[in-house]
Amino acid sequence: MPTADIIQPAAQIEATIANMAEALNHLCQQHGIEQPLMIGIHTGGVWVARHLHRRLGLEEPLGFLDISFYRDDFTHIGLHPQVHPSELPVAVDDRAVILVDDVLQSGRTVRAALNVLFDYGRPSLVLLAILAQRDGRELPITPDVVGLHVNLERGAHIKLNGPDPLYLEQRATAPGTPS
Amino acid sequence: MTDATAVHPTHLSILGARLIDPASGFDQISDLHLADGKLLAVGAPPADFHPEQRIEASGLLAIPGLVDLCARLRQPGLEQKATIRSETRAAAAAGITTLCCPPDTQPVVDTPAVAQLIRQTAEAAGFARVLPAGSLTQQLAGEQISEMAALQRAGCPVLSHADRPIASARVQRRALEYAATFGLTCFLHPANASLAEGGLVHEGRLSTRLGLPGIPEAAETVAVARDLALAEQTGARIHFRGLSSARATEMLAEARARGIQVTADVSAHQLFLTEEAIATFDANALVRPPLRTETDRQALRAAVAAGVISAICSDHQPHEADAKLAPFPQAAPGISTLETLLPLTLRLTDEGLLPLPAALACVTCHAADILGWPGGRLQLGAPADLCLLDPNVITTLDAEQMLSQGKHSPFLGQPMRGQVRQTFLGGCLVFDRKPQTP
Amino acid sequence: MTGANPQLNAQGQLRHFLTLDGLDRAQLTGILDHAEGFLSVARQPVKKVPLCRGKIIANLFFENSTRTRTTFELAAKRLSADVLNLNISTSATAKGETLLDTLRNLEAMHVDMFVVRHSDSGAAHFIARHAAPHVSVINAGDGCHAHPTQGMLDMFTIRQHKGDIAGLKVAIVGDILHSRVARSQINALNILGAAEVRVIAPRTLIPAAAGEALGVQVFHDLRAGIADCDVIIMLRLQHERMTGGFLPSEHEYFFLFGLTEKRLASAKPDAIVMHPGPINRGVEMDSEVADGPRSVILEQVSNGLAIRMAVMSTCLGSHNLSGQAPATEAAHD
């Protein structure tokens, strides 16, 4: 079994998310966005998005995106074992969208999520909010709001556990194949 | 002169083999002396005997050449599948020296000319004796009976209708009666045509699971019942070729007990396989009659052990590769079995069903007796048809190594015990295994 | 002694989809769950996902069925695969050699998957046995053997209405003997833990040893057979069964096995009635049941698409798995 260290416990995550909500509020004011649409990426992104959605007091329901059918590694590792249906209850056309995920590493998930999003319509603007950002970017993707920055050793991985309580954990080796 | 053997010694001795003659019960390590194609002596040679060749055979078995009651050689008419030469050569390599072939060639064996053609072609090849079964009816059409006396004179020891049942009971009755006039045994493949029609596999668990049309057990038992009644009525001697069901073996035992002149054989594969062999639509297990249940298999084995079924045959049916390269229902039934007949017979002994001499009797003297042919035994003064085999060599059945033109077998990849070293036909060496180069 | 399951690759994953017989509960549940995910694709303005982009899927239909072919074609296109449609008349190419020649030609065009419909039981197994290692085969109906995607579609529909297959009592009424759909439904129901699967028909339409071979309870009386059932599946009766001597008349069949509101009363009050359609009214059931509240239109187009997308992507996804770990949550941050 790989060893796991909790790098951010539940209490601290609450505070991190509160800071993120504040930063998002600020950013929306800057862009003149009054009612952004919030969309979380399954599974961890949805957990974070629920908290942000509540803190921002958004009236329209939260959307969920599943990227399983848009992954770029299908021909290498096949179909993802767990698929949750995407659920976008509000049309995204001409809307400002806040896309939320838990961890940003290679950037491939965000790439896939943007493709899903654009198969649902044409948003006017997309902001990216990330709970934890780490090194290892493989695509030109930069978040607009970041909860915390983590520096990890080679081969180490971070994982958000949840939904209740939420805590971030570091593992020496990944349970799966890194992409 | 034949193409099998150009030159052969007229006097030779086989030394130190375990000699088994199932007919007489002789089973000893002894020497065997052959002169002018005949068996001259067992044990010490006559004083003036000077063999040109001595074969050191200690550790080997010397048995009569096998007699196979049903092997299709495909010639004349279906030479794309096999030829008399190719299949008798495979037979020799498998220790079989006498084969009876059913009449379903093209043309059908319903005239002396076709019977003679087959015999002459086999003699020219020189690998094995081929005894064609004459057709009971003209063209195998099941309507008009054939010239049975002429067929008998042309060398057909028995009559048969191959695997095409005679639909009309009236025609069958006349055919049996007419055959009985000449003392000819009739080989019958028991299957009721209308019950078996369209069927592919045993009607049971597998046909239900796989959605394949079934051949019910009743297709066999209805035919057996009819044929037994007609044999009783006519006094004809009948032989059931290839029983497949437990119920039919019971009917056979009961009929024999009542004195009806009936014998039966079973195809060797029926003693080892069941319907489960087709579970993944393996066309190499598509045979007729179909492989049935474990209960049937056990009953067939018990009938062999009890002597109710007295012979085991190959039911060899070579096919070209394309004949099986089709979805299961369109694949040709029948498998290549000459080269598994002896190993499977030995396997019955390994599995404790029969002592070795009794198992060998099923493929030698008992089969010969059914044909009314004097071979299948080691008899002084008789033509020396012999098989020398190493019972301890185990090989894996490999399509590439099979000599038959037909390469389809459900036993491919299985270990086979018993390797034929040499086969003699009338004292001539017709098969000689080259020593393995290490 | 059935040997290895010819549908699975060395890693035990589905490479072909030939029959449900021999698959396990996790495999079937996985397909149903994935289909759930693919249902949402139909709600997207762009009804297409890039999952199987660059793959070529050939529909090999030796038996004509525009409806089935169309759902496979649309499912493939929604996965962004390229589709070749080949309708091959069986009479022209009945011989295996020609069939294999067709396969080799298509393989040379780098086809990744064959969707096969054939009137011979075992045809899909045959094609799978002779397909190149990089090719998957989906059985879209072979003779009387199996129609596994249809069976899964029916499970999907039952799950939508009943929540779970486990614990249900299901009755299948009609020509079990000749029905590939019934065989696949029975396999699926048993694998997914149905409490009881019953088949109801006269003896001429029940195959040999059905109870043991298929794992069903056999009934010859409709009312007794559907008693306490949660789901009743009515099979379509082909007219050939009368000429083939299996039944005397449609009239007598309806008299004994036709589903009416009155007979339906012995089933559970919330029982659903399924039929693959098109219904022979007055033969399998009367119009009152067919148009009634408990009737479920079996072939819901969107469900059929989602199941076929799930099956196709599962099999295509097993292709390049040599030595690779299967997909996990953490692999794609």
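In chain A of this predicted model, residues 24 or more positions apart account for 69% of the contacts with a separation of 6 or more. For chain B, 73% of the contacts between residues at least 6 apart in sequence join residues at least 24 apart.

**Chain A: fold and dimensions**
- Chain A holds 4 helices and 8 strands, and from the N terminus on its elements follow the order β-α-β-α-β-α-β-α-β-β-β-β.
- The radius of gyration of chain A is 16 Å, which agrees with the value near 16 Å that a compact globule of 179 residues would have.
- Its C-alpha trace spans about 45 × 40 × 30 Å along the principal axes of chain A.

**Chain A: surface and charge**
- Of the 179 residues in chain A, 53% are buried.

**Chain B: fold and dimensions**
- Chain B contains 12 helices and 19 strands.
- A compact globule of 438 residues would have a radius of gyration near 22 Å, and the 21 Å of chain B agrees with this.
- Along the principal axes, the C-alpha trace of chain B extends over about 65 × 50 × 40 Å.

- Buried residues form 60% of the 438 residues in chain B.
- The accessible surface of chain B is about 15,900 Å², with 51% belonging to carbon and sulfur atoms.
- There are 35 positive and 44 negative side chains in chain B, and the centres of these two sets lie 2 Å apart.
- Helix H11 of chain B, residues 356–363, is largely enclosed by the rest of the structure, because 6 of its 8 residues are buried.
- The buried residues of H11(B) are Leu356(B), Ala359(B), Leu360(B), Ala361(B), Cys362(B) and Val363(B).

**How the chains meet**
- There are 2 pairs of chains in contact, and chains A and C share the most contacts.
- Chain A and chain B are joined by no contact, and their closest C-alpha atoms lie 26 Å apart.
- The contact between chain B and chain C involves 22 residues from chain B and 28 residues from chain C.
- Together, chain B and chain C bury about 2,100 Å², 59% of it on carbon and sulfur atoms.
- Thr208(B), Arg209(B) and Phe281(B) provide 28% of the area that chain B buries against chain C, more than any other three residues.

Conventions
Residues numbered from 1 in each chain as written. Chains lettered and ligands numbered in written order. Predicted model: local features only at pLDDT ≥ 70, side-chain atom pairs only at ≥ 80, totals over all residues. Heavy atoms only, no water. Helix = DSSP H or I, 4+ residues; strand = E, 2+ residues; numbered from the N terminus. Rg over C-alpha atoms; globule rule 2.2 N^0.38 Å. Buried < 20%, exposed > 50% of the residue type's maximum accessible area, 1.4 Å probe, protein only. Contact = heavy atoms within 4.5 Å. Areas by Shrake-Rupley, 256 points an atom, 1.4 Å probe, with all protein chains shown as cover. Lys, Arg positive; Asp, Glu negative; His and termini not counted. Charge placed at Lys NZ, Arg CZ, Asp CG, Glu CD. Buried area = accessible area lost by both parts, 1.4 Å probe.
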